[in-house]
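Subject: Structure handover

Hi,

Here is the structure for you to look at. Please open it first, then read my notes below.

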Amino acid sequence: QVQLQESGPGLVKPSQTLSLTCTVSGGSITTNGYYWSWIRQPPGKGLEWMGAINYSGTTYYSPSLKSRTSISRDTSKNQFTLQLSSVTPEDTAVYYCARGLKIPSTEYNYRGQGIRVTVSS
């Protein structure tokens, strides 16, 4: 059973960089065929796919967020991370990490419980 767990700050100030880490257990992030994505859901809105890193380390980003987003991984810790720069209150959302078979997509076969991030001064 694959499990994902998001971690990071729950409050970020405007203009700062949001950094979140997803720790994966029960499966390797280098397993062929999977995409490890970050997905978010702002209050009252639907899910938004932000970007992903695949089993070989190739990254993919939503065009609308590409200029502010960076996804990386640490295979020794079986973790992947999200950095979102120059945040504004519009980036307030619940952020999820997930494993899926295709991108861009908010469909997944495993997902973390989510972490609520508020952007506020």
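Four strands form an open sheet, in the order E1-E3-E8-E7. Their pairing is antiparallel. Strand E1 (3-7) and strand E7 (69-74) stand at the edges. Each has a single partner strand, so one side of each is left without a neighbour in the sheet. On average, neighbouring strands of this sheet are turned by 20° against each other, direction ignored. Bear in mind that this is a predicted model.

Now look at the E7 end. Strand E8 covers residues 79-84. E7 and E8 run antiparallel, and six bridges join them. Which residue in E8 stands opposite Ser70? That is Gln83.

Next, Tyr55. Find Tyr55 in the loop between strand E5 (48-54) and strand E6 (59-61). Is Tyr55 buried, partly exposed or exposed? Its relative accessibility is 31%. Buried means under 20%, and exposed means over 50%. Tyr55 therefore counts as partly exposed.

Tyr55 also has contacts beyond its own stretch of sequence. Leaving out residues up to four places away in sequence, Tyr55 touches Ile29, Thr30, Thr31, Asn32, Gly33, Tyr34 and Arg73. With Asn32 there is a polar contact, side chain to side chain, at 3.3 Å. Arg73, also on that contact list, lies within the residue range of edge strand E7 (69-74).

One distance to check yourself: Tyr55 to Leu101. The two are 46 residues apart in sequence. In space, they are 11 Å apart, C-alpha to C-alpha.

Best wishes

Notes: Residues are numbered from 1 along each chain as its sequence is written. This is a predicted model: local features need pLDDT of at least 70, side-chain atom pairs count only at pLDDT 80 or more; totals for chains, interfaces and linings use all residues. Side-chain values use heavy atoms; hydrogens and water are left out. Helices (H or I, at least four residues) and strands (E, at least two) are DSSP runs, numbered from the N terminus. Buried means under 20% relative accessible area, exposed over 50%, partly exposed in between (1.4 Å probe, protein chains only). Contact means heavy atoms within 4.5 Å. A polar contact is a pair of N or O atoms within 3.5 Å; within protein, one must be able to donate a hydrogen and the other to accept it, and residues adjacent in sequence count only if both atoms are side-chain atoms. Two strands pair if DSSP finds at least two bridges between them. Axes are lines fitted to C-alpha atoms, for helices over the stretch in contact, and angles run from 0 to 180 degrees between N-to-C directions.
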